[in-house]
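Here are my notes on the model, point by point. Please read them with the structure open.

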Amino acid sequence: MADQATETLSIFDDVSREGARFGAGPLEARTTSEIEAMNAVDPFDSARRMKAQICLSLAQNIDAGNRKGRAIAAETERLVLFLDQLGGNTTDTDLDESIPSDVRELFDLGSVPGAHDAAEVRDAPEP
């Protein structure tokens, strides 16, 4: 029996055929193989396993969105962020920190104003 500390097991129970399940979309298959490669180099702890599962779910949603013609930008951004975190390329930071301050000010200009007092309504003067 192989020593479990040195043996690298698949982190997905339902994974088959070169790391991707039957019927997986192209991004899901690629994401699965990338995650398996990361896990082989540096085995995941429970937190990284959870992020890996989230990455797989995001890839499935992106593939489904592509098939149906939906917008996938938000899911793609999150997938890239989580994959970078899994690979150790970034830290757990807020996405807004990567936005330059002048661009952030433009976003703030377009934001919805807070609650304010209603304007006083006056009747028109009678002639």
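1. Val 80. Val 80 sits in helix α3; helices (H or I, at least four residues) and strands (E, at least two) are DSSP runs, numbered from the N terminus. Val 80 is partly exposed, at 46% relative accessible area. The scale is simple: buried is under 20% relative accessible area, exposed is over 50%, and partly exposed is in between (1.4 Å probe, protein chains only). Between the C-alpha atoms of Val 80 and Leu 58 the separation is 9.8 Å, and the two residues are 22 apart along the chain.

2. Ground rules. This is a predicted model, where local features need pLDDT of at least 70 and side-chain atom pairs count only at pLDDT 80 or more, while totals for chains, interfaces and linings use all residues. Residues are numbered from 1 along each chain as its sequence is written, and side-chain values use heavy atoms, with hydrogens and water left out.

3. Overall make-up. The chain has four helices and zero strands. Read from the N terminus, the order is α-α-α-α. Of its 127 residues, 24% count as buried. Take the contacts (heavy atoms within 4.5 Å) between residues at least 6 apart in sequence: 57% of them join residues at least 24 apart.

4. α1 against α2. Helix α1 covers residues 26-41, and helix α2 covers residues 46-68. Their axes come within 7 Å and cross at roughly 160 degrees. That makes α1 roughly antiparallel to α2. Axes here are lines fitted to C-alpha atoms, for helices over the stretch in contact, and angles run from 0 to 180 degrees between N-to-C directions. Angles under 35 degrees count as roughly parallel, over 145 as roughly antiparallel, 65 to 115 as roughly perpendicular and the rest as oblique. The crossing of α1 and α2 is right-handed. A crossing is right-handed if the near helix is turned clockwise from the far one by less than a right angle, and left-handed if anticlockwise.

5. Who meets whom in that pair? On the α1 side are Pro 26, Leu 27, Glu 28, Thr 31, Thr 32 and Ile 35. They meet Ala 52, Cys 55, Leu 56, Ala 59, Gln 60, Ile 62 and Asp 63 of α2. The residues of this contact divide into eight nonpolar, three polar and two charged. For this tally, Ala, Val, Leu, Ile, Met, Phe, Trp, Tyr, Cys and Pro are nonpolar, Asp, Glu, Lys and Arg are charged, and the others, Gly among them, are polar.

6. α1 against α3. Helix α3 spans residues 73-87. It packs on α1 at about 15 degrees, with the axes 10 Å apart. α1 and α3 are therefore roughly parallel to each other. Their crossing is left-handed. Leu 27, Thr 31, Ile 35 and Met 38 in α1 meet Leu 79, Leu 83, Leu 86 and Gly 87 in α3. That contact has six nonpolar residues, two polar and no charged.

7. Two positions in α1. Is Ile 35 buried or exposed? Ile 35, in helix α1, is buried, with a relative accessible area of 0%. Its C-alpha atom is 8.0 Å from that of Leu 83, 48 residues apart along the chain. Glu 34 also lies in α1, and counts as partly exposed at 40%. The C-alpha atoms of Glu 34 and Gly 87 are 9.6 Å apart, and 53 residues separate the two along the chain.

8. α2 against α3. The angle is about 150 degrees and the axes are 9 Å apart. That makes α2 roughly antiparallel to α3. The crossing of α2 and α3 is left-handed. From α2 the contact draws on Arg 48, Lys 51, Ala 52, Ile 54, Cys 55, Leu 58, Ala 59 and Ile 62. From α3 come Glu 75, Thr 76, Arg 78, Leu 79, Phe 82, Leu 83, Gln 85 and Leu 86. These residues divide into 10 nonpolar, two polar and four charged.

9. The salt bridge. How many salt bridges does the rule count? The count comes to one, where a salt bridge is a side-chain nitrogen of Lys or Arg within 4 Å of a carboxyl oxygen of Asp or Glu. Asp 42 and Arg 48 form it, at 2.9 Å, N to O. Side chains of opposite charge can pair when their charged atoms come close. Arg 48 is buried at 18% relative accessible area, whereas Asp 42 is partly exposed at 41%.
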